[in-house]
Structures are given as C-alpha cells and as structure tokens.
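Work through the following exercises with the sequence and the coordinates open beside you. Each task sentence is followed by a solution that goes step by step.

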Amino acid sequence: MKQMMSLGGFVFSLGQGTPYTGLQRTSDGGWRTITRYGQKPISQNTGQSLENISLTGTWFKAEGLDNLASLRTLQNQREPLVLADGYGNNLGLWTIKRLNEKQDRIIDDGTPITLSFTLELEEYAGENIT
C-alpha cells in the first residue's frame with residue numbers, strides 16, 4: 001500500500017484513511033539584516049534556521065478522532081521522530097511543534113462529521129548537528 005509520508009509510527013496514506021491534502025515546507029538561507037548606526041544595514045549569514053513543515057487535511061467521523069488521538073500520543077512522547085516521504089527518503093528527525101484541530105458538523109452524540117487539522121513539524125537539531 002502506498003504511503004504519502006510517515007512520522008514515527010504514524011503513516012499518512014489515502015488507503016488507510018489518513019491522508020493530508022496540503023504540505024508547506026519552509027527553510028531559509030541563514031541571512032540576517034544587521035542594523036548599523038548612520039549607515040545602511042549589513043547582510044550577514046549567521047547560519048540557517050531549522051526547517052519547518054506544515055501538513056493540513058480533513059478527516060471524517062470517529063476515524064478522524066482516532067487518527068488525531070494517535071498523533072497526540074506521538075506528540076506526548078516529547079521525542080524527535082523519524083520523518084520519511086512516500087518515496088522512502090529519510091528526512092531526518094523532526095519534532096511535533098503544534099497540532100491544531102477544528103471539529104465541524106457535530107452530530108447528537110458529539111461526534112464531528114469533519115475534522116480539519118494542521119500538524120506543524122520542526123526539524124530536530126541535536127548536539128551533533130552542524
């Protein structure tokens with residue numbers, strides 16, 4: 001079965017009902033603008049910031065609640081997790097910075113019909129990272 005991405009033991013996959021619909025990856029070149037008195041600022045490379053990835057999607061009903069509970073379990077481990085893309089490329093270790101959910105179209109027992117989510121990941125830099 002094809003997978004879109006995996007984070008720790010959680011697999012994002014259309015076939016498993018855990019797809020994401022959007023991905024945004026942010027990285028910078030490490031350039032900063034340093035202000036100087038009486039003259040133009042100077043550009044200086046102070047090193048790259050950590051990369052960030054944001055995944056968005058919509059899941060449905062109780063399955064969506066279960067999927068979010070699984071992601072929250074990973075988040076509560078408070079450990080870096082291996083991130084791999086759908087081609088099997090290891091993207092390194094990442095941390096879950098934030099998990100947002102929005103429940104809509106709630107039925108009489110409190111179950112949402114739709115659950116929109118945003119998962120924000122940040123590249124992990126241990127002590128041996130340069």
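## Exercise 1: a threonine in a loop

Threonine 18 is buried, because its relative accessible area is 4%, where buried means under 20% relative accessible area, exposed over 50%, and partly exposed in between, computed with a 1.4 Å probe and protein chains only. This is a predicted model, in which local features need pLDDT of at least 70 and side-chain atom pairs count only at pLDDT 80 or more, while totals for chains, interfaces and linings use all residues. Residues are numbered from 1 along each chain as its sequence is written, and side-chain values use heavy atoms, with hydrogens and water left out.

Task: determine where threonine 18 lies and which residues it is in contact with, leaving aside its neighbours within four places in sequence.

Solution. Begin with the location: threonine 18 belongs to the loop between β2 (10-12) and β3 (22-26), strands being DSSP runs of E with at least two residues and helices runs of H or I with at least four, numbered from the N terminus. Next, list the contacts (heavy atoms within 4.5 Å): beyond the neighbours within four places in sequence, threonine 18 touches Phe10, Val11, Phe12, Ser13, Trp59 and Asn67. Finally, look at the side chain of threonine 18, which reaches the backbone oxygen of valine 11 at 2.7 Å.

## Exercise 2: the partners of an arginine

Task: find which side chains meet that of arginine 32 in a salt bridge and in a polar contact.

Solution. Arginine 32 is located in strand β4 (residues 31-36), and it counts as partly exposed because its relative accessibility is 28%. As background, side chains of opposite charge can pair when their charged atoms come close. The criterion for a salt bridge is a side-chain nitrogen of Lys or Arg within 4 Å of a carboxyl oxygen of Asp or Glu, and aspartate 28 meets arginine 32 in such a bridge at 3.6 Å, N to O. Aspartate 28 is likewise partly exposed, at 28% relative accessibility. The polar contact (a pair of N or O atoms within 3.5 Å; within protein, one must be able to donate a hydrogen and the other to accept it, and residues adjacent in sequence count only if both atoms are side-chain atoms) joins the side chains of arginine 32 and serine 49 at 2.8 Å.

## Exercise 3: a bridge between two strands

Task: identify the residue with which glutamate 122 forms a salt bridge, and state how far apart in sequence the parts that the pair ties together are.

Solution. The partner is lysine 97, with the closest N and O atoms 3.6 Å apart. Glutamate 122 lies in strand β9 and lysine 97 in strand β8, so the pair ties together parts 25 residues apart in sequence. Lysine 97 is partly exposed, at 46% relative accessibility.

## Exercise 4: the nonpolar core

Task: name the residues that touch the most other members of the largest nonpolar core, and the element that supplies the largest share of this core.

Solution. A nonpolar core is a set of buried Ala, Val, Leu, Ile, Met, Phe, Trp, Tyr and Cys residues joined through side-chain atoms within 4.5 Å. The largest one has 20 residues, of which Leu7, Phe12, Leu71, Leu119 and Leu121 touch the most other members. The elements that each supply at least two of its residues are β1 (5-7), β2, β6 (52-60), α1 (61-76), β7 (81-85), β8 and β9 (112-123), and β9 gives the largest share, 4 residues. To finish, leucine 7 has contacts that include Phe12, Leu119 and Leu121.
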